[in-house]
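Let's take a friendly walk through this model together. Have the sequence and the 3D view open as you read.

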Amino acid sequence: MRLSRYFLPVLKENPADAQIASHRLMLRAGMIRQASAGIYSWLPLGFKVLRKIENIVHEEQIRAGHIPMLMPTLQSAELWRESGRYDDYGEEMLRVTDRHGREMLYGPTNEELITDIFRAHVTSYRELPLTLYHIQWKFRDEIRPRFGVMRGREFLMKDGYNFDIDRDAAIHAYNRHMVSYLRTYERMGLRAIPMRADSGPIGGDDTHEFLVLADTGESEVFYDSAILDLSMDGRRVDYENHAEIAGIVREWTTPYARTDETHDPALFGKIPETRRRTSPAIEVGQIFYFGTKYSEPMGALVVNERGERVPVHMGSHGIGVSRLVGAIIEASHDDRGIIWPEGVTPFHVGIVNLRQGDGSCDAACERLHAALCEAGLEPLYDDREERAGAKFATMDLIGLPWRITVGPRGLQKGMVELTCRRSGESEEMKPEEAVERVKDIYAPHREAGLIEPMAGRSFHTWL
Ligand code: ATP
Ligand code: MG
């Protein structure tokens, strides 16, 4: 992509109303624009990151055996009356009436709708286990939308629902979600810690939230620092193997880690003092097992092996897809701008031409651009007639993890410069070498199935 032809409306000034880094940087880097309170347009750069995150979520859900689908944003109030949540949900639910006077609502979540689909089509234990999920916009009329996409009113969520014949099977589904979520966040370059949490309006006993430690988080968490040593680290997992999956869950839930709602000071006090930690954190996901809370009142029954009709055991599992864009920035930025982890970066590498219009500089940049595209990577070539300082500032702000700088002096020696955004370190090398290095850097991501060049391909190749 050539920057001169792209749409990247960067802001020079710090937006006055943005209180936290991710909000400020997303506005400044031309990723989003507020449409109204808590509702955003995703400009091209922001949209690319959102789609990358969405793709990782899809891939890891499909890997775990969960089935993608799509439910609408608008739902009928009738279904919510059946579960009893229409009145319970309160002011956060946006209620609308259509021209025929029918009551509708903009879905804040989808337990009712999915249970209705399930009861219409599934009647026997033979059709279980089943986990369906979708990634769809939600609306919650938050009293204080703030921090940009972190607490929006309209936001993108992955929500998945498991249907199982009994508690044991449903707990395996719960465990499978925990493991798939751990893999998902790690692929985004994030450390998200599962913490025992409170179930709130969804209801149920078993629930964990996934939290990213960050000064600007709205949750307060307490944990044993031993949990920071754990990692999924590219581990292959067999989702059919109940014992293996339960083992991983045990490993991650043994060290103390709780949100303030479930915090137990006495238990916390038993951890060696040097390992006791407390921090603000951002909730990026939550999993629930709630048994028959919806299937009973809504009559989602299946025939079991003994021929009895029993309510199906369910759980629901959410990832805050749009919130993750902000959470990743909170966890990875400096005073010059964003630093994207390779797994979610909107472009893999920037090319900065220090002397636009100079025949040899232009030609070298064009060759680099072509070679990187040929390798299946997406470079962003800054081909504007701008000062070097302005070009560097833009690249630093938008946070591409790697930059290749091409200038007349280096080219005389046949050299360009490869710079790492995170460390700031630069190295001189031949242009072909720079291409090879960037290819190598992204090779593990390609192996993980992560690199999805947009050009000429549909977004939804994973389906
Ligand atoms: P919170 O406590 O932050 O209000 P929640 O517990 O009500 O969130 P869930 O119902 O668990 O949210 O939704 C699943 C995920 O959706 C959350 O973990 C979070 O990442 C995301 N999410 C929830 N509310 C918002 C919001 N207003 N804006 C952006 N993302 C959100
Ligand atoms: Mg939650």
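Which residues are the protein donors of the magnesium ion (ligand 2)? They are Glu 283, through OE, and Gln 286, through OE1, lying 1.9 to 2.2 Å from the ion. Donors here are N, O and S atoms within 2.8 Å of the metal (3.2 Å for Na, K and Ca), and water is not among the atoms, so sites may look incomplete. Glu 283 counts as partly exposed because its relative accessibility is 25%, while Gln 286, at 11%, is buried. Buried means under 20% relative accessible area, exposed over 50%, and partly exposed in between (1.4 Å probe, protein chains only).

A word on the model: it is predicted, with local features needing pLDDT of at least 70, side-chain atom pairs counting only at pLDDT 80 or more, and totals for chains, interfaces and linings using all residues. Residues are numbered from 1 along each chain as its sequence is written, chains are lettered from A and ligands numbered from 1 in the order in which they are written, and side-chain values use heavy atoms, leaving out hydrogens and water.

Now turn to helix H6, residues 167–187, which holds Asn 175. Helices are DSSP runs of H or I, at least four residues, numbered from the N terminus. Asn 175 is buried because its relative accessibility is 10%. Beyond its neighbours within four places in sequence, Asn 175 is in contact (heavy atoms within 4.5 Å) with Ile 245, Ala 246 and Val 249. These three belong to the H7 side of the meeting between H6 and H7, where the H6 side includes Asn 175, Met 178 and Leu 182.

Conventions
Helices (H or I, at least four residues) and strands (E, at least two) are DSSP runs, numbered from the N terminus.
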